[in-house]
Amino acid sequence: YKSDTIVNATWLAVLSQIFYLFGIFLPIRKHVVTKMDRLQVILSRYDGKKLFTTYVVYSFFTAILTSFLLGVSGGQMLMGLVYFKWVFLTFLIVHTSVIPTNTKYVLLFVGFEILLSFSGFWSSFKDYILVAIGAFFTLNRKISAKAFFATLLTILITFFIFVVWSASKGKYRTFLTGGQRSQNVVQTDQLNNIAVLWDIVSDDFSSENFSESFERGRDALIYRISYVEYFALALKHVPTFIPHENGQMLQDAIEHILKPRILFPDKKVIYDSDITSKYTGIKFAGRDEGASFSLGAVAEAYIDFGAVYMFIPIFFFGLFFGWMYKTLILKGYNIVWGICYSAPLFQYLWMFPVPGTKLLGWSITYFVNFYLINRYLVKYLDTWLLRKEFK
């Protein structure tokens with residue numbers, strides 16, 4: 001595609017983010033931040049050891065539960081039970097930030113979990129980083145100089161990890177799948193997988209290869225997270241070769257969410273690469289080849305409504321997510337639970353690489369599950385986590 005196409009795609013992408021963020025901002029603009037002294041009083045009522053122990057147990061439980069739910073028809077409706085792990089992690093981060101009684105144990109276990117996350121096919125380590133960032137900024141609206149430099153250091157370290165992963169994941173995934181172009185992992189020894197990944201990274205980022213590997217990983221990361229390249233391809237292909245869908249993609253996404261597979265077993269399976277291939281005119285490798293390429297919600301909005309009206313659904317996406325964020329905070333069992341419910345939304349609301357179906361599906365599933373958990377279960381869990389003198 002020509003350089004002017006990528007420039008147009010970039011400007012449309014930037015404008016999309018402005019509309020999206022403005023939509024998020026409107027519902028929360030008058031939200032009053034809880035004062036730290038009040039938060040400290042509430043957090044001091046909870047038993048830090050019980051909280052840590054509960055998180056450890058639940059973390060192992062969700063590792064088993066995830067594979068079970070994904071293998072059962074309609075199991076995704078109950079994925080809120082898995083997402084609840086991130087609420088626990090947020091609670092642990094918030095509690096440790098304000099009352100640092102077991103900081104070293106929290107850091108050790110979460111570090112261990114992040115390390116184990118490298119043993120799989122996907123880069124799930126990013127989930128821990130996104131939840132931690134969400135917890136930090138939900139707790140700290142005013143950033144001190146110390147917090148600013150700590151955040152900057154975290155961003156730099158995270159960027160380097162992502163570059164390393166982007167440069168080495170190809171070889172590593174080939175090892176995990178036994179040389180097959182698929183997403184089916186045959187190497188199940190997690191510690192051995194991590195050791196193999198370490199060997200691959202050590203070779204890729206040796207003194208002789210460091211510069212070349214870093215540039216390769218950096219470029220791959222930029223292309224992966226920006227999604228402007230795919231957007232530009234869609235701009236070139238639609239409407240020149242395929243007409244705009246006039247809202248059909250958004251309608252299909254909503255219908256897909258409203259028809260749970262347990263009630264509609266014949267519901268069509270969505271393959272991101274097929275959609276991307278159709279609207280860019282370029283054949284992308286799919287699930288059978290061990291890959292998945294999605295256009296993202298912004299490009300889908302353009303395909304649906306064109307370069308002007310695309311901003312309307314994007315704005316309403318932001319408005320909806322801002323409302324969810326505010327509702328989770330205000331309707332939580334108490335302010336601490338409200339913060340813990342809202343922070344994990346940071347995992348799901350970065351919209352560029354996420355198709356509209358998944359963006360809406362994950363968020364609505366998250367919201368509905370936590371509404372039910374908050375109403376019927378959290379009061380018992382909250383009582384369990386309190387120190388004896390506050391029960």
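Modeller: Contact here means heavy atoms within 4.5 Å, and the model we are looking at is predicted.

Colleague: Which helices do the buried residues of H16 pack against?

Modeller: Helix H16 covers residues 356–376, and its buried residues include Gly-356, Leu-360, Tyr-366, Phe-370 and Asn-374. Buried means under 20% relative accessible area. With that cut-off for burial, the buried residues of H16 pack against helices H4, H11, H13, H14, H15 and H17.

Colleague: What span does H16 reach from its first C-alpha to its last?

Modeller: Helix H16 has 21 residues, and at 1.5 Å a residue a span of 30 Å is expected. The model comes close to that expectation, with a reach from first C-alpha to last of 30 Å.

Colleague: Lys-358 belongs to H16 as well, so which residue forms a salt bridge with Lys-358, and how far apart in sequence are the parts that the pair ties together?

Modeller: The partner of Lys-358 is Asp-272, with the closest N and O atoms 2.8 Å apart. Lys-358 counts as partly exposed at 32% relative accessibility, whereas Asp-272 counts as buried at 8%. Because Lys-358 lies in helix H16 and Asp-272 in helix H12, the pair ties together parts whose separation in sequence is 86 residues.

Colleague: Where do the two residues of the salt bridge between Glu-113 and Lys-85 lie, and are they buried or exposed?

Modeller: The side chains of Glu-113 and Lys-85 meet at 3.1 Å, N to O. Glu-113 has a relative accessible area of 7% and Lys-85 one of 9%, and because the cut-off is 20%, Glu-113 and Lys-85 are buried.

Colleague: How many salt bridges does the count come to, and what is the N to O distance in the one between Asp-219 and Arg-218?

Modeller: The count comes to five salt bridges. In the pair formed by Asp-219 and Arg-218, Asp-219 is partly exposed, with a relative accessible area of 34%, and Arg-218 is partly exposed too, with 30%. The closest N and O atoms of Asp-219 and Arg-218 are apart by 3.2 Å.

Colleague: Which residues form the nonpolar patch on the surface, and what is their accessible area together?

Modeller: Val-14 lies in helix H1, residues 3–28, and counts as partly exposed at 41% relative accessibility. Val-14 forms the nonpolar patch with Val-7, Trp-11, Leu-15, Ile-18 and Phe-19, and their accessible area together is about 560 Å².

Colleague: Is Leu-233 buried or exposed, and what is its relative accessible area?

Modeller: The place of Leu-233 is in helix H10, which covers residues 228–237. Leu-233 is buried because its relative accessible area, which has to be under 20% for that label, is 11%.

How values were computed:
Residues numbered from 1 in each chain as written. Predicted model: local features only at pLDDT ≥ 70, side-chain atom pairs only at ≥ 80, totals over all residues. Heavy atoms only, no water. Helix = DSSP H or I, 4+ residues; strand = E, 2+ residues; numbered from the N terminus. Buried < 20%, exposed > 50% of the residue type's maximum accessible area, 1.4 Å probe, protein only. Patch = residues over 30% accessible without salt bridge, like charges linked within 9 Å, V, L, I, M, F, W, Y side chains within 5 Å. Areas by Shrake-Rupley, 256 points an atom, 1.4 Å probe, with all protein chains shown as cover. Salt bridge = Lys/Arg side-chain N within 4 Å of Asp/Glu carboxyl O. Expected span 1.5 Å × (residues − 1).
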